Amino acid sequence: MTAVGSPADSACRKNVQRTGILRQAWINRSDYLYVLPSIGVMLVVIAYPIYYTIELSFFNTPPSLQLRDKIFVGLDNYGLILQSNVFWRVTLNTIIWTVASTFFAFFLGLGAALALHREFFGRGVLRAILIIPWVISAVAASYIWKWIYHSDFGVIGAVLVGLGLADRPPNFIDNVNTVLPSLIVVNVWREFPFAMIMLMAGLQTVPDQLLRAATVDGAGPWQRFWHVTFPHLKGVSTVTILLLAVANFNSFIIPWIMTGGGPSNASHIWITHIYELAFGRQRWGVASAYSVLLFLIVMTFGYFYVRALSGSERKARG
Amino acid sequence: MMNSPSNPTPKARRPIDRWRWTGRLFLVLMLLYTAVPMIWMLLTSIKSGFAALQFPPQWWPDEPTLASYQKLLDPTNSVGRDFLRFFWNSLFVSTVTTILAVIVAVPAAYAFSRFDFPGRKFLFFAVLLRNMFPAVIFLVPLFILMRLLGLVNTHGSLILTYLTFGLPLAIWLLKGFYDNIPIQLEQAARIDGATRFQAFILVVMPLSVPGIIATAIYSFIGAWNEYIFAYTFINRNDQLTLPVGIQRFFSENTTDFPGLMAASFMMSLPVVVLFLLLQRYFVKALTEGAVKH
């Protein structure tokens, strides 16, 4: 059984299919060696914690994390969460944060990708500068923007006062109404370059002949974009939006460092709230129950994510 | 340039020009959005502590000074000693993570791209699905696990978690690369008598160097910038990495904005330089998986 490459390979494997999956697995046993290290590491660091989180969510736990003393409380932790006002506030914040960040990061990235598509002087340098925020650590970004938003010495406040648009520097992040939008600006600053990179590569797959043909047929720039370019970007846009949405839903650093969730929970999102419950107030059981709820939401996302990715997988192998 | 030069009537050109100018205006605005915060970081970092706290601000520092940088890089004072220690810790953790990630991800990605063993699809999506889960879900149990393994307050805890959490995307990036290497090359090597493993090492590996570079940058930047695990697992000052170290230092002393900006700059510099030098590999690999037909 010396399978060589794909055509011969798939031929013998089709034969094998009839002989049952265990036999097939045995014949290909050396293949598993290649994935074993990855799967092994992930089982320890991922599967075990997931199991453990689910278990803890049914218990009342002592703050010390001396887990022998935990008490079974059934679904109490879940009930506690769904009845609290903070939960709904934080959920609303998370939705606003995720949707707005994803929307603006994607469309600013799309605009930049389209504007950078054609060759012009300085294009490479410009592209490099636009990518930098994506590479900078979120911790550094949080401090930079915290300083820019500073209520006494911040540069934005100073510009607004200088232009006569405000009497005194506005307080961006200590204000319940402006804190979330202000943080979204920072998040989009870090994320739009990712959308830009993905979409720039996507644009390269749009055949030039098609665009030229459309021009000859009298299509304007907008029509060319909508009928030729956009259909070619559908696949990459789906993946980009999903990856952005997941990253935003899971983000932690920017709100945590810039505001710690305040003022009065106005910038708490799920992840920061769970973190505070667990490591701040040491309510491990409640935090675990939160995590399980989060897990269920993420799994719903995950269904679409896998479908989108398996679409591109089918195409690649097809 | 795009429309045919044989048709230069003003009527046909006007809308194109309008779109082109819209594009340029947009790029200028994006450049301001991107660059102004970074420029302000640099300008603040060369002010004295007193000059930074003025209103209206000094748009350009009256007396530029490198004092903040000197303080951070001077091993004889306590700030400099800590900063250099954090820097070294970050470098160590990121480098080890990167090397291990490549060693583990390369064979896995190759297997997912080439072989057809039962469960291949399932395992691949299990790997990708991991990417969806926020770190916070894993924090409490991982903290307990690390305590069990005696890894709390060690770099081992960070390397192990960064490795795991970086793997899914690393495998995905590399798999896209292997998918694009023609299988005929390996078949030729097999016909010449190479074993499958030899074909992989001698033929496929050299061709996938750009993908490996991309994976390495991705792992390095991810580990360098990671915050939440380091924040949770490490409590000893001499073991901290930069993102947490900087936070511990400056949150207590929030008026030293030049110092904070200088530290932010120093923390960003290595990854930005690395990325700009190697970005074409990275951009290529990142888009390979999602964009190819």
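Chain B, read along the sequence, runs α-α-α-α-α-α-α-α-α-α-α-α-α. That comes to 13 helices and zero strands. Helices here are DSSP runs of H or I with at least four residues, strands are runs of E with at least two, and both are numbered from the N terminus.

A word on the source. This is a predicted model, where local features need pLDDT of at least 70, side-chain atom pairs count only at pLDDT 80 or more, and totals for chains, interfaces and linings use all residues. Residues are numbered from 1 along each chain as its sequence is written, and chains are lettered from A and ligands numbered from 1 in the order in which they are written.

Stay with chain B. It has 293 residues, and buried ones make up 45% of them. Buried means 20 or more other C-beta atoms within 10 Å of the residue's own; exposed means 12 or fewer; partly exposed is in between; C-beta atoms are placed from the backbone. Now contacts, meaning two residues whose C-beta atoms, placed from the backbone, lie within 7 Å. In chain B, take the contacts with a separation of 6 or more: 74% of them are between residues 24 or more positions apart.

One helix to look at: helix 10 of chain B, residues 209-225. How far should its 17 residues span at 1.5 Å a residue? The expected span, 1.5 Å times one less than the number of residues, is 24 Å, and the end C-alpha atoms are 24 Å apart, which agrees. Of those 17 residues, 13 are buried, so helix 10 of chain B is largely enclosed by the rest of the structure.

Next, His155(B). It sits in helix 7 of chain B, residues 155-179. There are 19 other C-beta atoms within 10 Å, so His155(B) is partly exposed. Leaving out residues up to four places away in sequence, His155(B) touches Asn89(B), Phe92(B), Val93(B) and Gln239(B). Ala51(B) is 104 residues from His155(B) in sequence, and their C-alpha atoms are 39 Å apart.

Now the interface. 87 residues of chain B are in contact with 90 residues of chain A. What is the side of chain B that touches chain A made of? It divides into 66 nonpolar, 15 polar and six charged residues. Nonpolar covers Ala, Val, Leu, Ile, Met, Phe, Trp, Tyr, Cys and Pro; charged covers Asp, Glu, Lys and Arg; the others, Gly among them, are polar.

The largest nonpolar core has 163 residues. Such a core is a set of buried Ala, Val, Leu, Ile, Met, Phe, Trp, Tyr and Cys residues joined through C-beta atoms within 7 Å. Ala112(A), Ala195(A) and Ala105(B) have the most contacts inside it. Take Ala195(A): beyond its neighbours within four places in sequence, its contacts are Ala105(A), Phe106(A), Gly109(A), Leu110(A), Thr240(A) and Leu244(A).

Over to chain A. It has 14 helices and two strands. Of its 318 residues, 42% count as buried. Among contacts in chain A between residues at least 6 apart, 65% join residues at least 24 apart.

Confidence next. pLDDT is the predictor's confidence in each residue, from 0 to 100. Chain A has a mean of 82, with 89% of its residues at 70 or more. The lowest is helix 1 of chain A, residues 6-17, at a mean of 44; the highest is helix 5 of chain A, residues 85-115, at 94. Over residues 1-17 of chain A, pLDDT stays under 50, and the model has 20 contacts there beyond four places in sequence. Where pLDDT is low, the predicted coordinates should not be read in detail.

Annotations. The unreviewed UniProt entry lists "domain: ABC transmembrane type-1" at residues 91-305 of chain A. UniProt positions are in the numbering used here, feature names are shortened, and annotations may be inferred rather than shown by experiment. That span is 74% helix and 0% strand, with end C-alpha atoms 21 Å apart. The unreviewed entry also places "transmembrane region" at several spans of chain A, including 95-117 and 147-166. Residues 95-117 of chain A are 91% helix and 0% strand, with ends 32 Å apart, C-alpha to C-alpha. Residues 147-166 of chain A are 50% helix and 0% strand, and the end C-alpha atoms lie 19 Å apart.

Last, two loop residues. Ser264(A) has a positive phi of about 40°, although it is not a glycine. Gln282(A) also is not a glycine, and has a positive phi of about 55°. Gln282(A) is in the loop between helix 13 and helix 14 of chain A.
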